[in-house]
Amino acid sequence: MRKIRERVRDMKFRTRLILFFVLLITLPSVLNGILHYNASSDIIVTNARDSMLEIVKKNNEIGDIVFSNIEERTVSLISDPDLYRLFNRPKPQNDYELVQMDRQATVILNKYFGHDQDLYTAQLVTSYFSFGSGSGMYTSSSPFVSVDPQGFLQSAIYKEVLASKGSLIWVPTYDLTRAFRQEALYDMDAKFRMVFSCARLLNSSPIIDGASYTWPRQIERPVLLLNFNESFYQRNQEQSLSSVQGSYSYIVSKDGTIVTHPEIAKLGTLDSNHWYDTEFGQPSGTSLVKEKGEDVLISYDTSEITGWVTVNVTPYKQLLGNLPAIRYMDIFSGVALLIISIVIASFIAGRLTQPIKKMLVAIQMTGAGDFTAKIPDQPQLEFRILTKKFNVMNDKIRELIQENYESQLREKEAEIMALNLQLNPHFLYNTLNIMNWMAIDRDQPAISRMIVSLSSMLQYTVKNKQEMVRLGDDLNWLKSYTHIMENRFDGIFKVAYDVEGLPEDCLVPKLFLQPLVENAMIHGFESAEPGEQGGLVKISGRMAEGRLLFEVSDNGKGMSPQQEADTRGKEGAGIGMSNVISRLSLLYGEHAELSVRSAAGAGTTITVVIPLQR
């Protein structure tokens, strides 16, 4: 990324301008193409979801109509008086009686199911015989597989039938030869072995000649078993769900058993996709999922009769089969716009950069020292203003060069004068030094100390030009100043210091305490008579919580409440106090504090708080 930025930065202005125009035109086109493609795919998928789901629902409705009709016929069958009379008898004692019962049972079954082409087999099963095997309606299109009574009684289906207590149950696809332990038929074609069924125990009370009859306890109640070949579903679905290449449909029960599937080997097995656990939260709907690593759209609907779920699986890429044409059209449009944008950008960049090239030539001449270079006026308003400003700038530069020359001459003269002026402080220091030695020679230590204090003050003031100084240096200067003032006022007051423990290397504003000390000396004791003693000016300082706290207090005449209030503002304070307030505000802002406490006849205390800086 950094290399790209550097490369763009090193490009010529004309190249960057062309690149900008190209991006300005092509980026919206590319974005529009992407949005158009995504919107088209969303519309196609949404329409596919709705249409597929509607087809699945219609197929389920057709199946439910058939199954509802069969359920109604089973209700009619179990209430049939002939059926009650046929089985309300002891168990047959010989084969002849069984054959006769079988024929009568077949006639009864044919009355309700004989013309139903959707059924594979219909039987009434007891522990001693499976009735209904004598019907010829099953042999015309498929071999008839009669249920083994003993195998049926030992099956899980029979246990489920007993648990239902006469209600109709639906059993998802299973291998009837293995479910009922008919080993001789294990090798039969799977399309005849694999069936799904509905069954119910004949447990109702038929009405005969206006009287209701109940099955006697000692009479065995037969079980109605209706078997359907799984091709029943395939016939209906092949006509409606095969419009999209690669799509297929199947039916799965709530526990995941596959009822019907294009692959016969999967019949009666658990659905390996496990969508019945993850996707079928609603009675019907659609979902985009993965199957064998590819995106597929599933549409599902739950049967109101069986509770099974019909699922249609459509490859996602097949739904978007027509989108590549849209994508190629968008790419072609983008390339065409790119070419057009390059041509337009080159033309516009050439018109814009031509005046800049002329200005660049003039700037190079100016850089070489030729300040007489002029750029002719340009037709564009912006460049006309720019060239005019450039020409004015060249004239100003010539004037500034002349002024700079004259200024340098004046600076040389000022340096010579400064060297001459430096002789005066040097002469003053030498004179003070001579006076100091004269005072020492004549045994005048007080005068000698005052001269030394004055010399130190002058050196500190003249040589140190910085605004922020070391606290130790500033306190030494202040001690020299207070020594002179003590002698000037002839012992009216004494100055005491309490600044032990303060870091001498921290930085403070230069001479920030001097105006406060001067006010305490002059105004605090201005009414004192000559020779009067007992006055005290105390200068104290301490460090706390990263800040420096200084106090200048005196026991002078103090101030009235009005005078004290006036000193808190710049307008009411004196020149020295006002100067200190302004400097602290400029240097520290809100982090500096200055407060005044005073009472008439009780002295004055001024407190200064500043941040600790090193």
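Modeller: A pocket is an open set of grid points with protein on both sides within 12 Å along at least five of seven lines, and a lining residue has an atom within 4 Å of such a point. Keep in mind that this model is predicted.

Now the pocket itself. The space in the largest pocket comes to about 470 Å³. Its lining is made of 25 residues. Nearest the centre lie Asn-519, His-523, Met-559, Thr-567 and Met-577.

Which elements give two or more residues to this lining? They are helix H17 (514–522), strand E17 (547–554), helix H19 (575–588) and strand E19 (603–611). H17 gives the largest share, six residues. By class, 12 lining residues are polar, nine are nonpolar and four are charged.

Next, follow the chain past E19. Arg-614 sits in the segment after this strand and forms a salt bridge with Asp-505, with 3.1 Å between the closest N and O atoms. Asp-505 belongs to the loop between strand E14 (493–498) and strand E15 (507–509). The two partners are 109 residues apart, so the pair links distant parts of the chain. Arg-614 counts as exposed because its relative accessibility is 60%, over the 50% cut-off. Asp-505, at 42%, is partly exposed.

The whole structure has 12 of them. Side chains of opposite charge can pair when their charged atoms come close. Arg-178 pairs with Asp-175, and their closest N and O atoms are 2.9 Å apart. Asp-175 is buried because its relative accessible area is 13%, under the 20% cut-off. Arg-178 is partly exposed at 43%. Shared partners join Asp-175, Arg-178 and Arg-193 into one network of salt bridges.

Another salt bridge joins the side chains of Arg-89 and Glu-97, at 3.0 Å from N to O. Arg-89 has 30% relative accessibility and counts as partly exposed. Glu-97 is partly exposed as well, at 25%.

Finally, step back to the whole protein. The protein has 614 residues, and 42% of them count as buried. Its secondary structure comes to 19 helices and 19 strands. Take the contacts between residues at least 6 apart in sequence: 64% join residues at least 24 apart. The protein exposes about 35,300 Å², and carbon and sulfur atoms supply 56% of that area.

Key:
Residues numbered from 1 in each chain as written. Predicted model: local features only at pLDDT ≥ 70, side-chain atom pairs only at ≥ 80, totals over all residues. Heavy atoms only, no water. Helix = DSSP H or I, 4+ residues; strand = E, 2+ residues; numbered from the N terminus. Buried < 20%, exposed > 50% of the residue type's maximum accessible area, 1.4 Å probe, protein only. Contact = heavy atoms within 4.5 Å. Areas by Shrake-Rupley, 256 points an atom, 1.4 Å probe, with all protein chains shown as cover. 1 Å grid on protein atoms, 1.4 Å probe; cavity = no way out; pocket = protein on both sides within 12 Å on 5 of 7 lines; lining within 4 Å. Points joined across faces, edges and corners; volume = space filled by probe spheres on them. Nonpolar A, V, L, I, M, F, W, Y, C, P; charged D, E, K, R; others polar. Salt bridge = Lys/Arg side-chain N within 4 Å of Asp/Glu carboxyl O.
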